[in-house]
Amino acid sequence: MTCTATLRQSGGSIILSIPKTIAQTLAVEAGSVVELAVEGRRLSVTPARRSLADRLAASPKSPEAWQRDDASLRDGPSGRELL
């Protein structure tokens, strides 16, 4: 997928807006951390890998806030697993 974008000035920085379709493809949103890499004259934008500590810090603190799929808890065995 390719497209063009116009760089904008904001204070002392230059801002690149990512079109919504590309952001959805990369699974990023406002506030996401990305890695920038320059290879020759090519700029690469990649979603940053988050550490386990970062993921735990962002996870809900109480079981009441966990998103559970209760239907999967009622499923029977699907293979040779022992229950």
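So, from the N terminus on, the elements of the protein chain go β-β-α-β-β-α-α. That makes three helices and four strands, where helices (H or I, at least four residues) and strands (E, at least two) are DSSP runs, numbered from the N terminus. Keep in mind that this is a predicted model, where local features need pLDDT of at least 70, side-chain atom pairs count only at pLDDT 80 or more, and totals for chains, interfaces and linings use all residues. Residues are numbered from 1 along each chain as its sequence is written, and side-chain values use heavy atoms, with hydrogens and water left out.

Now the overall shape. The radius of gyration, taken over C-alpha atoms, is 20 Å for the protein chain, while a compact globule of 83 residues would be near 12 Å; that globule rule is 2.2 Å times the number of residues to the power 0.38. Along the principal axes, the C-alpha atoms fill a box of roughly 60 × 30 × 20 Å.

Let's zoom in on strand S3, residues 34-39. Of its six residues, the number buried is zero, so S3 lies largely in the open. Its partner is strand S4, residues 42-47: the two run antiparallel, joined by six bridges. For the record, two strands pair if DSSP finds at least two bridges between them. Together S3 and S4 form a hairpin with two residues between them, and Gly-40 in the turn has a positive phi of about 65°. Glu-39 stands opposite Arg-42 in S4.

On to the pockets. A pocket here is an open set of points on a 1 Å grid over the protein atoms alone, where a 1.4 Å probe fits, with protein on both sides within 12 Å along at least five of seven lines; lining residues have an atom within 4 Å of a point. How much space lies in the largest pocket? About 480 Å³, counted as the space filled by probe spheres set on the points, which are joined across faces, edges and corners. It has 15 lining residues, and closest to its centre are Cys-3, Leu-16, Ile-22, Leu-43 and Val-45. S4 gives the most to that lining, four residues.

The second largest pocket has a volume of about 260 Å³. Its lining has 14 residues, with Leu-16, Ile-18, Val-34, Leu-36 and Val-45 nearest the centre. Strand S2 (13-15), S3 and S4 each give two or more residues to that lining.

Key. Buried < 20%, exposed > 50% of the residue type's maximum accessible area, 1.4 Å probe, protein only.
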